[in-house]
Amino acid sequence: MTLDEEILLEEGKMLPLMEEFYSLQGEGYHTGTPSYFARIGGCDVGCHWCDSKESWNAAKYPPFLTDAIVEHAASYPAKAIVVTGGEPLLYNLNYLCKALHNAGVTRYLETSGSSGFSGEWEWICLSPKKDAPPLAGIFAKANELKVIIEDMRDFDWAEENARKVSPSCILYLQSEWSRRHIAIPEIVEYIKAHPKWKISLQAHKYMRIP
């Protein structure tokens with residue numbers, strides 16, 4: 001990486017873009033909604049069940065001009081972007097959000113909340129991870145809380161985080177994909193007993209789309 005690229009990364013004018021695609025949101029509140037997805041490389045959490053482990057090493061993805069990401073997002077009919085990772089908050093996202101706003105693109109963020117906050121977002125999906133818990137300031141900003149359930153102990157983790165978000169935050173439980181045949185029935189029973197929660201099903205995987 002050149003010195004100029006390092007400076008542009010610090011300013012948020014370049015980002016290590018792993019992949020980009022136009023598809024339907026498959027998880028949480030906006031399931032079924034078309035969006036442009038920008039997956040940013042680099043992660044400081046590293047969940048063993050992660051379905052995008054190839055995103056962890058940011059060094060694999062050369063810096064990509066943020067203006068080009070904005071141009072691509074604005075070129076699709078939905079005029080909406082989901083910024084995901086990896087962990088996108090490892091980077092300064094202020095420039096990205098300002099440019100997207102100026103281009104008329106609605107901005108959605110998916111984050112574990114483990115890094116400092118940046119950017120202005122219409123919607124924030126917080127998905128907390130035990131190995132790198134969210135920083136305190138993110139909880140009040142979250143529009144939805146999405147907790148991954150691998151085993152029964154994760155319900156306690158879900159409740160711990162639910163106590164920290166605002167009353168308006170929408171609460172979701174989502175099965176770890178490889179254990180879905182076991183975890184989904186457990187989630188269903190849990191939600192029946194604790195109706196403040198909803199289920200998120202990763203619909204894009206059932207539809208076999210990105």
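1. Let me start with helix α4, residues 154–162, where seven of the nine residues are buried, that is, under 20% relative accessible area with a 1.4 Å probe and protein chains only. Those buried residues are Asp154, Phe155, Trp157, Ala158, Glu159, Asn161 and Ala162. Helices here are DSSP runs of H or I with at least four residues, strands are runs of E with at least two, and both are numbered from the N terminus.

2. A word on the basis: this is a predicted model, in which local features need pLDDT of at least 70 and side-chain atom pairs count only at pLDDT 80 or more, while totals for chains, interfaces and linings use all residues. Residues are numbered from 1 along each chain as its sequence is written, and side-chain values use heavy atoms, with hydrogens and water left out.

3. What covers the buried part of α4? The cover includes β8 (144–149), β9 (170–175), α5 (180–193) and β10 (197–200), with contact meaning heavy atoms within 4.5 Å. The helix α4 lies across β8, β9 and β10 and runs at about 165° to β8; such angles, from 0 to 180 degrees, are taken between N-to-C directions of axes fitted to C-alpha atoms, for helices over the stretch in contact.

4. Now the sheet: it is open, has eight strands in the order β2-β3-β5-β6-β7-β8-β9-β10, and its pairing is mixed (two strands pair if DSSP finds at least two bridges between them). At the edges sit β2 (17–24) and β10, each pairing on one side only. From one strand to the next, the twist averages 25°.

5. Helix α2 (residues 66–74) also packs on the sheet, where it touches β2, β3 (34–40) and β5 (80–84), and its direction makes about 160° with that of β3.

Terms used
Buried < 20%, exposed > 50% of the residue type's maximum accessible area, 1.4 Å probe, protein only.
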